[in-house]
Amino acid sequence: MIKKLRKTLLTALTYLVMFVVIYTAVNLWRSPVMPDSPKLVYQNSTGQVVDVVSQSYDTPVLVYFWGSWCGVCRTTSPNVQALHADGRDVLSVAVSSGDDNELLAYMNKHGYDFYTINDQHGAVFGEWGGQVTPSFVILDDGKVAQSFTGIAPLWLLKLRLWWAGM
């Protein structure tokens with residue numbers, strides 16, 4: 001009985017390790033990469049122009065690449081909104097999500113007020129080598145501290161921002 005249980009646990013552990021290795025490899029392959037001279041500048045609610053790379057020298061900044069057409073983003077965007085509402089530094093890049101009016105209407109409909117660059121034709125996303133949405137980059141001290149894709153629960157986003165700030 002113990003021998004059978006041990007074999008089952010070993011098999012489960014083997015599959016878990018294989019999953020983690022494959023997941024990590026795929027995530028690294030499709031995660032965005034910071035270009036040589038990134039252009040992530042936005043105007044905040046007080047009218048001040050903010051350069052996200054410069055801002056990351058003060059505190060880690062989450063850059064969130066998403067699309068209004070992306071099904072997974074519908075699950076993740078409320079978590080990004082919660083981070084923003086909590087006072088965390090977040091900049092989103094809306095990829096191929098229509099003109100400014102369409103994007104604003106979508107964001108208002110869903111109650112999103114995080115800072116957003118409208119990447120109407122996907123040029124910014126392309127500069128970063130983005131392949132899938134949602135994609136995330138955490139900038140710290142002007143460099144990529146973390147880069148990942150897919151569903152991201154709120155607790156994981158908070159943990160990743162905390163870790164980047166360590």
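Rings of Phe, Tyr and Trp (its six-membered ring) are taken to pair if their centres lie within 6.5 Å; planes under 30 degrees apart count as stacked, over 60 as edge-to-face and the rest as tilted. By this criterion, ring pairs link Tyr64, Trp66, Tyr106, Tyr112, Phe114, Phe136 and Phe148 into a cluster. The model is predicted: local features need pLDDT of at least 70, side-chain atom pairs count only at pLDDT 80 or more, and totals for chains, interfaces and linings use all residues. Residues are numbered from 1 along each chain as its sequence is written, and side-chain values use heavy atoms, with hydrogens and water left out.

An open sheet of five strands was found, in the order β5-β4-β3-β6-β7 and with mixed pairing. Strands (E, at least two residues) and helices (H or I, at least four) are DSSP runs, numbered from the N terminus. Two strands pair if DSSP finds at least two bridges between them. β5 (115–119) and β7 (143–149) stand at the edges. Each has a single partner strand, so one side of each is left without a neighbour in the sheet. Neighbouring strands are turned by 20° against each other on average, direction ignored.

Strand β6 (residues 135–140) runs antiparallel to β7, and six bridges join the two. Val137 has Ser147 of β7 as its bridge partner. Leu139 is bridged to Val144 in β7. The two strands form a hairpin with two residues between them. Asp141, in the turn, has a positive phi of about 55°.

Helix α6 (residues 154–164) lies across β3, β6 and β7, at about 160° to β7. Axes are lines fitted to C-alpha atoms, for helices over the stretch in contact, and angles run from 0 to 180 degrees between N-to-C directions.

A search of the whole structure finds 12 aromatic pairs. The rings of Tyr64 and Trp66 have centres 6.2 Å apart and planes at 5°, so this pair is stacked. Both Tyr64 and Trp66 are buried (under 20% relative accessible area, with a 1.4 Å probe and protein chains only). Phe65 and Trp128 form a tilted pair, 5.8 Å centre to centre with 55° between the planes. The pair links distant parts of the chain, 63 residues apart: Phe65 lies in β3, Trp128 in the loop between α5 (123–127) and β6. Phe65 is buried, with a relative accessible area of 0%; Trp128 is buried at 1%.

Methods: Contact = heavy atoms within 4.5 Å. Buried < 20%, exposed > 50% of the residue type's maximum accessible area, 1.4 Å probe, protein only.
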